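This report is meant for a reader who is meeting the structure for the first time. Please look over the sequence and the model below before reading on.

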Amino acid sequence: LSLHDALPIYKDKKLILTSKIDEILLLKGLSRTALSKRINHSQSSLNNAITGKEPLSKNLMAKISTALEIPIENLQAYVLADKYSLKILELALKEL
């Protein structure tokens with residue numbers, strides 16, 4: 001299995017950040033659209049940040065944290081977990 005072959009498998013799975021935010025939104029009865037309105041942020045930009053298509057800025061992270069009433073450290077942990085999960089996969093595949 002090459003890195004080229006494995007990355008699409010990894011990319012098909014939701015990021016931890018995406019899963020956790022969607023789970024919190026569900027528990028609070030909110031949609032991503034409602035969250036974007038609540039924090040006064042573009043819906044497409046918010047979706048791109050949540051799904052990892054663009055970086056999640058500290059400012060946006062703070063707004064999401066406040067709106068969802070979760071510690072910003074949780075969001076930072078989700079982002080780091082996603083980042084290092086991919087790095088670990090890449091390293092493991094180099095060993096093959």
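## Terms and basis

A nonpolar core is a set of buried Ala, Val, Leu, Ile, Met, Phe, Trp, Tyr and Cys residues joined through side-chain atoms within 4.5 Å, where buried means under 20% relative accessible area, exposed over 50% and partly exposed in between, with a 1.4 Å probe and protein chains only.

This is a predicted model, in which local features need pLDDT of at least 70 and side-chain atom pairs count only at pLDDT 80 or more, while totals for chains, interfaces and linings use all residues. Residues are numbered from 1 along each chain as its sequence is written, and side-chain values use heavy atoms, with hydrogens and water left out.

## Overall make-up

The protein chain has six helices and zero strands, so defined that helices (H or I, at least four residues) and strands (E, at least two) are DSSP runs numbered from the N terminus. Read from that end, the order of elements is α-α-α-α-α-α.

Of the chain's 96 residues, 30% count as buried. Its accessible surface is about 6,300 Å², with 57% belonging to carbon and sulfur atoms; such areas come from the Shrake-Rupley method with a 1.4 Å probe, and for residues only the protein chains shown count as cover. Among contacts (heavy atoms within 4.5 Å) with a separation of 6 or more, 54% join residues 24 or more positions apart.

## The nonpolar core

The largest nonpolar core has 19 residues, of which Ile21, Ile64, Leu68 and Leu75 touch the most other members. At least two residues of this core come from each of α2, α4 (43-50), α5 (58-68) and α6 (72-95), and α5 gives the largest share, five residues.

Leaving out residues up to four places away in sequence, Leu68 touches Ile21, Ile24, Leu25, Lys28, Leu30 and Leu35.

## Helix α2

Helix α2 covers residues 16-28, and its 13 residues should span 18 Å at 1.5 Å a residue, which agrees with the 18 Å between its end C-alpha atoms; the expected span is 1.5 Å times one less than the number of residues. The buried residues of this helix are Leu17, Thr18, Ile21, Asp22, Ile24 and Leu25. Seen down the axis of α2, these fall within an arc of 160°, so they line one face of the helix, the arc being that of the directions from the helix axis to the C-beta atoms. The face turned away from the buried side carries the exposed residues Leu26 and Leu27, and after the helix comes Gly29, whose phi is positive, near 70°.

Ile24, one of the residues of α2, counts as buried at 13% relative accessibility. Neighbours within four places in sequence aside, Ile24 is in contact with Leu68 and Ile70. Along the chain Ile24 and Leu68 are 44 residues apart, yet their C-alpha atoms are 7.4 Å apart in space.

Ser36 lies in helix α3 (residues 32-38) and is buried, with a relative accessible area of 4%. The side chain of Ser36 reaches the backbone oxygen of Thr33 at 2.7 Å. Apart from neighbours within four places in sequence, Ser36 is in contact with His41, Ser42, Gln43 and Leu46.

Gln43 belongs to helix α4 and is partly exposed, at 38% relative accessibility. With neighbours within four places in sequence again set aside, Gln43 is in contact with Thr33 and Ser36. The C-alpha atoms of Gln43 and Arg32 are separated by 7.3 Å, and these two residues are eleven apart along the chain.

Terms used
Polar contact = N/O pair within 3.5 Å; in protein donor to acceptor, adjacent residues only side chain to side chain.
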